[in-house]
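Here is a short report on one protein model.

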Amino acid sequence: MSAVKPAYIETFKKGLLGNKIETAYRILDDCRLCPRTCGVDRNSEQTGICKTGRDVIVSSYNAHFGEETPLVGEKGSGTIFFTHCNLLCNFCQNYSISHEGYGQPVSSEQLAAIMIQLQKGGCHNINFVTPSHVVPQILSALEIAIKDGLSIPLVYNTSGYDQVDTLRLLDGVFDIYMPDFKFWDPAVAEMTCSAADYPAVARQALLEMHRQCGDLVLDETGIARRGLLIRHLVLPQDMAGTREIMRFIARKISRNSYVNIMSQYRPCGRADEIKALAASLSQHEFRQALQAARDEGIKRLDKPRRVFMIG
């Protein structure tokens, strides 16, 4: 394992983490943490789109081996799945967590203890899944975990629907950003998530993430230590706009971007409300998506893992 320490260690030593925590919790008074800008007082337990007040809710945590190759290694990625979501795709494969609220409230102390437990289990990183609506709580728990010896990279595993101002608050905290870039067409984003601004928001969010941490850097064992890792789920009938997204990544972010083009789309949640999403992805459609990425200059492609496809 590389001797390079995660950025948050230095941020904590400089006394900057406490200020970030205070700023993040103040945002909850009139919540504008994410692009939904609901304006509710979450510190007083009012809730908006994400259905989350002041306390964080966790659905599960474990050493996960289904993530991207540079995150998993031999010991797994220490994933913490947060309940609820600020995007709420109607086809979400974790529908019971994101839409239906499966999970249990945890305190900052408990969340910190989970991080330490995952580190002690040998996990290569702490992977926060759906973190966009719980940034203050993550920062608060992180401060406790650092004091208890946390020393592995943090992964911000997000839908890509992130407020740039919030991401700037995280500068010096996260070494690895893992956003989705889900849709290129605002009409598709509106149809599936009631978020026509998603493509524009995601473009700005990815640019900010790359500004902070650059292209994905691996250590001598092939484990990610720092950088941007982009996910893209291919949708039937090219509803995701794969070629346009890959072109943006190559031309506006970096041709050296590490991208996971994912093949596992299948109808979940309320996907059957949209005719084009009522069927699983075909092998032909996935091959076309991979070729589109290569055509646009994206060469660092993660090896596909779990596949749910029909011929």
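T37 sits in the loop between α2 (17–27) and β1 (56–64). Helices (H or I, at least four residues) and strands (E, at least two) are DSSP runs, numbered from the N terminus. T37 is not a glycine, yet its phi is positive, about 40°. T37 is partly exposed, with a relative accessible area of 42%. Buried means under 20% relative accessible area, exposed over 50%, partly exposed in between (1.4 Å probe, protein chains only).

S194 lies in the loop between α8 (186–193) and α9 (198–213). S194 also is not a glycine and has a positive phi, about 55°. Most residues other than glycine have a negative phi.

## Model basis

This is a predicted model: local features need pLDDT of at least 70, side-chain atom pairs count only at pLDDT 80 or more, and totals for chains, interfaces and linings use all residues. Residues are numbered from 1 along each chain as its sequence is written, and side-chain values use heavy atoms, leaving out hydrogens and water.

## Overall fold

The protein has 11 helices and 10 strands. Its radius of gyration is 18 Å, close to the 19 Å that the globule rule gives for 311 residues, so the protein is as compact as a globular protein of that length. The radius is taken over C-alpha atoms; the rule is 2.2 Å times the number of residues to the power 0.38. Of the 311 residues, 58% count as buried.

## Helix α11

R294 belongs to helix α11 (residues 283–295). R294 counts as partly exposed, at 38% relative accessibility.
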